[in-house]
Amino acid sequence: MAIEIRNVEKTFGAFTALGGVSLDVRSGELLALLGPSGSGKTTLLRIIAGLDHADAGEVSFDGQDTRDRAARDRKVGFVFQHYALFRHMTVFDNVAFGLRVKKKAERPAEMDIRRRVDQLLTMVQLSHLATRYPSQLSGGQRQRVALARALAIEPKVLLLDEPFGALDAKVRKDLRKWLRHLHDDMHITSIFVTHDQEEALELADRVVVMNHGQIIQVGTPAEVYDHPADSFVFDFLGGVNRLNGVIEAGVARLDGKAVRVDGAVGADGPAVIYVRPHQVELGVAPAEGVPEGKWSARVSSLHAAGPVARLELDLAGRALEAQLSRDRLSDLALEVGSWCTVDFRHARVFPAKS
Ligand code: ADP
Ligand code: MG
């Protein structure tokens with residue numbers, strides 16, 4: 001199921017929650033809506049679901065306007081952060097619920113319902129807990145029941161609103177992988193909301209970055225990470241150094257030295273140079289002075305657990321984070337207090353906010 005969203009607007013009183021959002025969701029993709037709290041992600045998801053109406057604009061499913069289609073007729077399954085499972089129903093009955101409340105003409109025979117629920121419980125690896133009640137489950141198990149329940153009606157579209165938000169980090173990572181497999185096996189179109197950039201980058205086919213009720217950028221995880229549309233996206237995707245510099249005669253400079261930057265440099269004036277830690281290149285400090293065009297920095301801390309080493313450097317009074325392989329670190333023989341040279345493989349520059 002492909003979903004086309006055209007100029008959708010939504011206000012709450014004087015507040016604009018969605019200011020003209022357009023988006024094409026491709027059939028079969030796993031799409032992440034990523035943005036800070038209050039950016040309009042849930043509002044957009046609820047409008048897609050038919051739980052809420054847009055003030056203006058259109059949402060169509062496979063080319064058909066959904067305006068007159070009620071939520072229950074949209075073939076949409078939902079999972080929310082705090083999914084209210086029915087406390088007085090067993091796991092089995094919770095999953096069966098969506099099928100049992102169907103209109104009589106569409107309701108499968110009880111035997112078929114049982115078969116379907118058994119299949120779903122096997123799929124979410126909860127068959128052995130079918131007779132338990134929600135209060136007897138862990139958070140991760142509850143979210144798996146919620147997923148099985150959403151999938152029972154054989155939705156064409158699966159909508160998930162921060163489905164793992166309330167779970168601890170380890171369970172979250174496991175469920176993430178598992179959702180990816182499930183999505184691929186089911187051949188459905190899935191949209192999930194998250195404010196966690198790592199989750200979005202790891203899980204999604206494409207990421208939609210939102211802020212203040214607007215879509216700022218849409219792209220694959222690599223596209224948005226490597227080519228952020230603006231400073232907001234650069235910041236929001238995490239892991240970034242911001243260095244105060246200046247643009248002079250169209251050249252970005254940090255402490256007087258020119259910085260090679262990707263993309264437009266912008267107008268002269270104060271500017272912030274953005275560099276990802278893995279784009280910081282370190283070198284052995286020369287015996288005297290600093291090599292032409294490079295900066296000099298001192299290692300202030302060093303974390304080298306796992307394959308990647310993270311260094312905190314002092315670059316003329318600024319904190320600079322760098323990431324490099326442990327092999328590279330041992331080649332450089334750096335330790336806390338060492339001097340080294342610094343260069344930037346890729347940097348972007350944005351005007352300083354006044
Ligand atoms: P997100 O899911 O990205 O955190 P939401 O879509 O829930 O953001 O909300 C976007 C903005 O709209 C928020 O500022 C929120 O307070 C406001 N909002 C959402 N729903 C309502 C509502 N029913 N009444 C008033 N304001 C709302
Ligand atoms: Mg939300």
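Which strands and helices do the buried residues of H5 pack against? Here are some notes on that and on a few other places in this predicted model.

1. Let's start with helix H5 itself. H5 covers residues 169–186, 18 residues in total. From its first C-alpha to its last, H5 reaches 26 Å, close to the 26 Å expected at 1.5 Å a residue. Just after H5 comes His187, with a positive phi of about 50°.

2. Now for the opening question. The buried residues of H5 are Leu175, Arg176, Trp178, Leu179, Arg180, Leu182 and His183. Their packing partners include three strands, E3 (30–34), E7 (157–161) and E8 (189–194). The helices they pack against are H3 (110–123), H4 (139–151) and H6 (197–203).

3. Helix H4 turns up again in a pairing with helix H2 (residues 91–100): the two pack at an angle of about 30°, their axes 7 Å apart. Angles under 35 degrees count as roughly parallel, so H2 is roughly parallel to H4. The crossing of H2 past H4 is right-handed. On the H2 side, the residues in contact are Val91, Asn94 and Val95, and they meet Val145, Ala148 and Arg149 of H4.

4. If you want a residue pair to look at, Tyr274 has Arg348 in E20 as its bridge partner.

Technical notes:
Residues numbered from 1 in each chain as written. Chains lettered and ligands numbered in written order. Predicted model: local features only at pLDDT ≥ 70, side-chain atom pairs only at ≥ 80, totals over all residues. Heavy atoms only, no water. Pairing = 2+ DSSP bridges. Helix = DSSP H or I, 4+ residues; strand = E, 2+ residues; numbered from the N terminus. Expected span 1.5 Å × (residues − 1). Buried < 20%, exposed > 50% of the residue type's maximum accessible area, 1.4 Å probe, protein only. Contact = heavy atoms within 4.5 Å. Axes fitted to C-alpha atoms, helices over the stretch in contact; angles between N-to-C directions. Parallel < 35°, antiparallel > 145°, perpendicular 65-115°, else oblique. Left-handed = near helix turned anticlockwise from the far one by under 90°.
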